[in-house]
There are 2 protein chains.
Amino acid sequence: MKVHISELKDHVGQSVTVSGWLYQKRSSGKIKFAVLRDGTGYLQGVLAKGEAADSALDDFERLTQESSFSMTGPVREDKRAPGGFEMTVKELTVIQVAGEYPIGPKEHGPGFLMDNRHLWLRSSRQHAIMRVRNEIVMAIRQFFYERDFVLIDTPILTGAIGETASTLFETQYFDLGKAYLAQTGQLYVEAGAMAHGRVYCFGPTFRAEKSKTRKHLNEFWMLEPEVAFNDSNANMQLQEDLVCYIMDWVLRKCRTELAALSRDVSKLEAVKAPFPRISYDEAITRLQKAGMTISWGNDFGAPDEEKLMEEYERPLFVYNWPTECKAFYMKRNPERPDVVLCDDLLGPEGYGELIGGSQREDDHDLLLERIREQKLPEESYAWYLDLRKYGSVPHAGFGLGLERVVGWICGLEHVRETIPFARTIGRLYP
Amino acid sequence: MKVHISELKDHVGQSVTVSGWLYQKRSSGKIKFAVLRDGTGYLQGVLAKGEAADSALDDFERLTQESSFSMTGPVREDKRAPGGFEMTVKELTVIQVAGEYPIGPKEHGPGFLMDNRHLWLRSSRQHAIMRVRNEIVMAIRQFFYERDFVLIDTPILTGAIGETASTLFETQYFDLGKAYLAQTGQLYVEAGAMAHGRVYCFGPTFRAEKSKTRKHLNEFWMLEPEVAFNDSNANMQLQEDLVCYIMDWVLRKCRTELAALSRDVSKLEAVKAPFPRISYDEAITRLQKAGMTISWGNDFGAPDEEKLMEEYERPLFVYNWPTECKAFYMKRNPERPDVVLCDDLLGPEGYGELIGGSQREDDHDLLLERIREQKLPEESYAWYLDLRKYGSVPHAGFGLGLERVVGWICGLEHVRETIPFARTIGRLYP
């Protein structure tokens, strides 16, 4: 019977076949040990003369790292074994003897590892990260599904840009001129919110930024919920609920993976509602008092974010940022138009901005004024302005960068490990 | 208390406030009726002099189609009312009186409706379709989550193309030359399958095809599972399991929406395992007997698919197609290299190909031969060939076109209604 390693607990005492790749092997006197990985776990096979077929013992010798093979035999529980089970191997069948595997136990530089990303994904650390990513995505989908949000998949190819014109990838779109790769799905989910009330999109987004930092990707996944009749406060509440939901989910489902990543789980357990909220004004005052050289109207640098977060174990909302710092679609505070009704959610431990959210400008004329100020092509935004003509309502939403959250929860130094195949300024391969 | 219409069943007898948009209104003598939609449902408000505030009666007169407003009052069950509840309106607050709404009860052409897609989404029919799409996506995510598949989000920007070079969108990628928008994530999920065993991707894909049919989009969502150690038979089984799971889910969750779409649900209920399987050879024989002018080696046209499906209420697998018809990565039948170990799953009722799947070529040299035959740039595929060097194993997977499935299940004539913002050869707006 063929089984996956994750199913072994239901097959103790039975003879089963598992198939996969050689992770490690060693010999100790007359006994040989082969650790097989099949993607769901690791299983140590024990080969002893007399118990294993002679051909199995011969084939064991041929196995190189990452060779593919099957082994068959009875399985027993063994707390000392990696994964908690061990197999007494009777038969062993080689599928392919792998060539000399490029990734060895010695230290490799990040460039080499990224060149071999298609293989590096097999390492136990990268394996754990992708499993955590998988759980975070499912937590997000489930959170919105339970709350009756409707998924509105927004287009990648678009004429209406959402952020800044300077960081667009473009492509020829038949005879219609240039199309741009979406920097955000937000403008489109706003249309969705007017149809369904509560919606979200969750897909890849693109920024042709020439940044080379440990936090930047040129292609990344973004979650963008949008809610009719939410104001900026309700928007922050939704963000807090979501982050707590994700954290609870990961702490329930990913203990093995977090241990494999040596993640300090107590830092994650400390993330509980309510998250503190301070205004941008207050943040600037604090930063200046702490000796940082930042003035009102500036965006935060990484050192500012770190300084501000020194006293917090939980994420921090910084709300109502200067209008000049933020995108054209954010609603200006009616009582004070130099700030917009928005928030950034900063992660603890130096992970920076996890979420950016805002109430949207719902007044047609004020929105048009902002589009003109930014010299955006008005005709591409006619449909977006329509949303303010036909039953405009207050509404708010946010964007959560998936890779930032994966990096934070896994405790990673560099965003390149948070996504299966990272796209950065110097990397389009593999 | 503010509530959504979908929550009214928990608030019968209470006074609540609902907010949304005017769907319909009418007066009957001294009584006025306003139907409000909030994205979760429809609620009829009844305004009578003496019960409703005078200002509410005045404001009622100002409401135009799609005007945004709130109404407050006690709610009671009423089986005759749309949605099953009715409100005795005490207060009515106008948020915005909408300008003359472009989409009226009269017939509009598809071009006009697509130009106003951002508003058309609000119609009850489009609303129902998007809710069904939402449920299909969640069913798919849940199916793979339950089966311990790991999500591997594959890149959109890529140097390695998966299908044919003639239908690529391209963009300049910094100093690295051209990047292509992914036609498929398959090559990358194959790398994922060697790391995790069972994986899938589910994201947007792109084809710069100049087709103008009711089945073609230039940007569409594709689900692509990939499983190590699956052969073509196991691959078909997984497809069948998935389609039955989706159908069961939709029939449980979307009765209201399917009724709104006037979908003949008996056709969907007939979709049950097992799905019939015939070889391509057999299909050709049958088509020729039925008088179709098709020869061995040809792909099917829509009339061929329809002819073949005449006798089936369930989807039909057609397996082992001519090698020359299919992509370079499919594994040739070792006993008969003129066919590949693949399948197309054809939908009933003329919906054509829902899924295309195959076992992948796992032999390094045979794969390289195919890459050279197709004059693909070898250096971009070096990583893909590596998967056949370091522990190659039999593996198989498939691609399910989300919009095809949404169109089939909803019973739609044209694929443009299956996705929030369709991208076709003549359309990049809104």
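User: How do you know which residues and chains are meant, and what do the values rest on?

Analyst: Residues are numbered from 1 along each chain as its sequence is written, and chains are lettered from A and ligands numbered from 1 in the order in which they are written. Because the model is predicted, local features need pLDDT of at least 70 and side-chain atom pairs count only at pLDDT 80 or more, while totals for chains, interfaces and linings use all residues; side-chain values use heavy atoms, with hydrogens and water left out.

User: Why is Gly192(A) called buried?

Analyst: Buried means under 20% relative accessible area, exposed over 50%, and partly exposed in between, with a 1.4 Å probe and protein chains only. Gly192(A) has a relative accessible area of 0%, so it counts as buried. This glycine is placed in helix α5 (residues 186-196) of chain A, where a helix is a DSSP run of H or I of at least four residues and a strand a run of E of at least two, numbered from the N terminus.

User: What does Gly192(A) touch?

Analyst: Leaving aside residues up to four places away in sequence, Gly192(A) touches Ile152(A), Gly197(A) and Val199(A), contact meaning heavy atoms within 4.5 Å. The C-alpha atoms of Gly192(A) and Thr154(A) are separated by 9.4 Å, although the two are 38 residues apart along the chain.

User: Is Gln126(B) buried or exposed, and what does it touch?

Analyst: With a relative accessible area of 0%, Gln126(B) is buried. It lies in helix α4 (residues 124-146) of chain B and, not counting residues up to four places away in sequence, touches Arg117(B), Trp120(B), Leu121(B) and Glu417(B).

User: Why are β7 and β13 of chain B said to stand at the edges?

Analyst: The open sheet has eight strands in the order β7-β11-β12-β19-β18-β17-β14-β13 (chain B), with mixed pairing. Two strands pair if DSSP finds at least two bridges between them. In chain B, β7 (150-151) and β13 (277-279) each have a single partner strand, so one side of each is left without a neighbour in the sheet.

User: How do you know that β14 and β17 of chain B pair?

Analyst: Strand β14 (residues 316-319) and strand β17 (residues 342-347) of chain B are joined by four bridges in the antiparallel sense, and the bridge partner of Tyr319(B) in β17(B) is Asp343(B). Helix α10 (residues 302-309) of chain B lies across β13, β14, β17 and β18 (352-359) of that chain, at about 75° to β17(B); here axes are lines fitted to C-alpha atoms, for helices over the stretch in contact, and angles run from 0 to 180 degrees between N-to-C directions.
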